[in-house]
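Student: Could you show me how to read a model like this one, feature by feature?
Tutor: Gladly; let us look at it together and begin with a single residue.

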Amino acid sequence: MSERPYDIVIGLEVHVQLKTRTKLFCRCSTQFGLSPNTSTCPVCIGMPGSLPVMNREAFGLALKTAVAINCHIPEFTKWDRKQYYYPDLPKGYQISQYDLPMSEKGWLEISDPKGEFEPKKVGITRAHLEEDAGKSLHDEVAGKADSRIDLNRTGTPLLEIVSEPDMRSPREAKAYLTELKLLLEYLDVSDCNMQEGSLRVDANVNLHIHNGEGQKIATPIVEIKNMNSFRAVERALAYEAQRQYEVYQETGRTIGQVPKQTRGWDDQAMVTRGQRHKEESSDYRYFPDPDLCPVITTAAEVEAVRNNLGELPAQLRVRLESTYGITPYDSDVIVSQGRPTVEYFVTLAEATADGKRASNWVQQEVLRVLNETGGAISDFPVKAAGLAVLVKAVIDGELDVSRAKEVFNDMVATGKSAAAIMQERGIEKVDSSALKALCAELLAASPRIVADVKAGKEQAVGAIVGQAKRKNPNVSPGEVRAICLELIQEM
Amino acid sequence: MSLLNHTATELLAKLESREVSSAELTAAYLKQIETLDPQVQAYLRVLPESALAKAKEIDARRAAGQPVGKLGGLPVAIKDVICTQGEVTTCASKMLETFVPPYNATVVEKLRAADAVLIGKTNMDEFAMGGSTENSAFQATKNPWNLECIPGGSSGGAAACLAASMAPLSVGTDTGGSIRQPAALCGVTGMKPTYGRVSRYGLVAFASSLDQIGPLAHTVEDAALLLAVLAGHDPLDSTSADVEVPDYRAALSQPLKGLKIGVIKEHFGEGLDNEIAAAVQAAVQEYEKLGATAKEISLPHSKYGIATYYIIAPCEASSNLARYDGVHYGYRTDEKAMLAELDAERAALVKAGQQQEADNLDTPLVRLYRQSRAEGFGPEVKRRIMLGTYALSAGYYDAYYLKALKVRRLIRQDYDHAFKEVDVILGPTTPTPAFKMGEKLNDPLAMYLEDLYTVTANLAGVGGISIPCGFTKSNLPIGLQIQAPAFAEAKCLQAAHLFQQATDWHNRRAKLQ
Ligand SMILES: [Zn+2]
């Protein structure tokens, strides 16, 4: 597919802040935005003598996620200390998981509704739990080079999900992130807010350059940090691929000839920049944390978690397509909106027995209004059952789509039911004998049109449809047209 | 007989019968401290005001007929490695000279709830690393039996304050022998409970998988009294065991029939002082006279105990002590001077045309870490941090740390096998009696061998007690170690109590003017 002389090889590390009430090893609140250093205690600030106690809720959320991304859950997992010095790390080590993570060897399937790449399973190397560090706030105003540390975030549970280097384009990387985020939202395990840092992405990227002799040459792996949106990830990867290609052409350097480099993405300048490598970052001297007990998870517990996952995005898409006959594109749009929108759609589709029409109404009307107002579907004034009454009226020919949309807008604005608004607007189904009489009357007054139609210019009947609609706005244009053509034939 | 020569159990009876008040008793101990501690230097800090206030409060409650806790107003000394809220807790390190914990250790909470009177914080080797209390950054505690000798360590202050009758009860910690060895050298009773028996929450960690808090006292009965207060599951410590705590004092009154004693073959080899060997043999005979059966047993891997311990403990210590970096906790070097020095170094290098070297100089942050740690820690602590850091480094981990864990498992299995045959294991607590101050200060390896007979209990996680079983010709105490299976403290105390009922070594007190 690609015309490029190289393949891009991408692996992603995603840090997900789990939505627990309290931190991973103490009872401090994980609420975002509290004033600095107020959500701390002896444990999370590493006070001498304090000890960690694992938060079961955090482990439960991690387990749920790991099962949902098809990971194997070992029966035994333990905690390790990752040791390094940094001002936002009060104990001098981070409690993480090293050689026996709580889950490994999973996958996540990605596809592109627009068909830009073939659907594929991206391998997941491992997902492990660890505690977050604090935040360093550097205040270099007036050359004071003052640094302040906020330890509120210290100890917040993070799930680090490491993918295999299975993605071959920035677009695939974005699709992986989008699908993962959606899954996390369905699981209700994280707020997934990149701005607040509850979802963080680092990318590892290098190139496999085709040397023209059927061989591929790998360039040195670069880790990209500081990407604050999925779009930034896509752009940074595209930039980095091009940069690596240029560097390779210039230097000919291949993997192993230079140490792994870390580069930061500058979203303003749209470039990646080399970062000063951290002091002694290569040896974290991991060892098992003697303050914590290993965690045992039985196969029965894993099964119980699996059985309680609920329907996840991939399964939901398939069900919406097969049950309601909508396209993959439509199912993707609806499922991407989250579970409440899916439920809205399903209620509407069931009540109207018309999946395609329900899908159109949800996408073109409901989501349009929500986009404009920025509201949530749970607060939307028109409930699915109420909208179903209107859509059914359209199906039954009580009103046409354009009038129905007017009624819908009134429903949104006033919160009134479809029936009430149709009554206010005098919308009612025209009796078929009355409609026939109206058509006969209009045709009698327009011999020209009758003659034109008879002569084969069927579209001339459109003028009669217009006249009928002016006489009675409730008439169905389609019906008027059909009756007129029938009457003309009989003439 | 002076009030202070009584055991804690006897004093508790006097308090309960209101023969003496807690305030009077506390005042008597404070007076004794004032008189003798300038010589012994067992205490880093004495807490007269808060102790007397607490004593008076307990007395008032007792007078009003209100409930009073199990320790009923008895003074208790606490090793300065255990956090006391609002009171400086130094670990005998310059690093924590001004550290005031905002919280109490769980054992301190328990002591307070039991109406103990916290009389002072006792001296120790810095961060509990050492066997002589000479590694304290502040003072060297003397052995009350001979002021030229060391009291043992690291809980040297905790043992010496008892030997000099400056407290009736004291709380220490034991990572490789730090309760039992000073108890032996000071002629008192000291117990390291099973790992997990007593909460470590609020104990400033040295080696987390080995550290355990325990009681020091004049008698087994007193130790049982204190252990009953300290022991129990704590939700704040994941490694504390949810195992029921028996009534230790009640257990002592149970007759002990058919006791099977194992005498450790390996503990009577090279390096053991002759007088100690004889005293321990005599103790075994005493047990046989009391109806116990003794047999020789083997802990074949115990010879690897010291080597294993000196890998695992420093590894954990190197990590536990990382937080003392001058940024979050601990002593911070004079920043201004440090920055000026750094600038001067850079300027000199630039001037000499060594730009590369100038660029490679520490960042101010790294220099702050380096210099604060260099100035804040003593030599033994640095030695162990370096040992541990080295052993955990990439390329060495498998050969040292992982190997040590494997040997540790074998040592644990040795105990499992031994306890299939016997109820308790007997042997000397230390290879030598108290030695002269300074004697082993420059010979760390000789100092490490002090823990020869005690480290295996920590590695295996089992409990052990040291009780006095004799004196050398030069009148220095000798300790008998009794080890019991995990969570069998009651059995251990019963066996030790049996001996004390038949002997009077534990009743002797050092005579100081
Ligand atoms: Zn906390």
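Tutor: This is a predicted model. Leaving aside residues up to four places away in sequence, A:A203 touches A:I10, A:L12, A:A173, A:I224, A:V233, A:A236 and A:L237.

Student: Which residues touch the most other members of the largest nonpolar core?
Tutor: The general idea is that in soluble globular proteins nonpolar side chains tend to be buried together. Here the largest nonpolar core holds 219 residues, and those that touch the most other members are A:Y176, A:A203, B:L74, B:V76, B:I82, B:C161 and B:L493. Helix α7 of chain B, residues 220-230, gives this core its largest share, which is nine residues. Another core lies apart from it, with 29 residues that include A:L348, A:I377, A:A388 and A:V394.

Student: How many helices and strands does chain A have, and how many does chain B have?
Tutor: Chain A has 15 helices and 16 strands. The radius of gyration of chain A is 31 Å, well over the 23 Å that the globule rule gives for its 491 residues, so chain A is more spread out than a compact globule. Along the principal axes its C-alpha trace spans about 95 × 60 × 55 Å, and 36% of the residues of chain A count as buried. Chain B, for its part, has 18 helices and eleven strands. For the 513 residues of chain B a compact globule would have a radius of gyration near 24 Å, and the value for chain B is 23 Å, which agrees. The C-alpha atoms of chain B fill a box of roughly 80 × 55 × 45 Å along the principal axes, and 58% of its residues count as buried.

Student: What share of the contacts with a separation of 6 or more comes from residues 24 or more positions apart?
Tutor: In chain A, residues 24 or more positions apart account for 70% of such contacts, and in chain B they account for 77%.

Student: In what order do the three strands of the open sheet in chain A stand?
Tutor: Strands of a sheet pair through backbone hydrogen bonds, either parallel or antiparallel. In this open sheet of chain A the order is β4-β3-β15, and the pairing is antiparallel. The edges are β4 (93-96) and β15 (287-288), and each has a single partner strand, so one side of each is left without a neighbour in the sheet. Strand β3, residues 80-83, is joined to β15(A) by two bridges, and A:D80 stands opposite A:P288 in β15(A).

Student: How many residues of chain B are in contact with chain A?
Tutor: There are 36 residues of chain B in contact with 25 residues of chain A. On the side of chain B that touches chain A, the elements that give two or more residues are α10 (305-320) and α13 (364-376) of chain B. By class, that side has 22 nonpolar, nine polar and five charged residues.

Student: How far apart are the end C-alpha atoms of helix α11 of chain B?
Tutor: At 1.5 Å a residue, the 17 residues of this helix, 335-351, should span 24 Å, and its end C-alpha atoms are 24 Å apart, which agrees. Helix α11(B) is followed by B:G353, whose phi is positive, near 75°.

How values were computed. Residues numbered from 1 in each chain as written. Chains lettered and ligands numbered in written order. Helix = DSSP H or I, 4+ residues; strand = E, 2+ residues; numbered from the N terminus. Expected span 1.5 Å × (residues − 1). Rg over C-alpha atoms; globule rule 2.2 N^0.38 Å. Buried ≥ 20, exposed ≤ 12 C-beta atoms within 10 Å, placed from the backbone. Contact = placed C-beta atoms within 7 Å. Core = buried A, V, L, I, M, F, W, Y, C linked by C-beta atoms within 7 Å. Nonpolar A, V, L, I, M, F, W, Y, C, P; charged D, E, K, R; others polar. Pairing = 2+ DSSP bridges.
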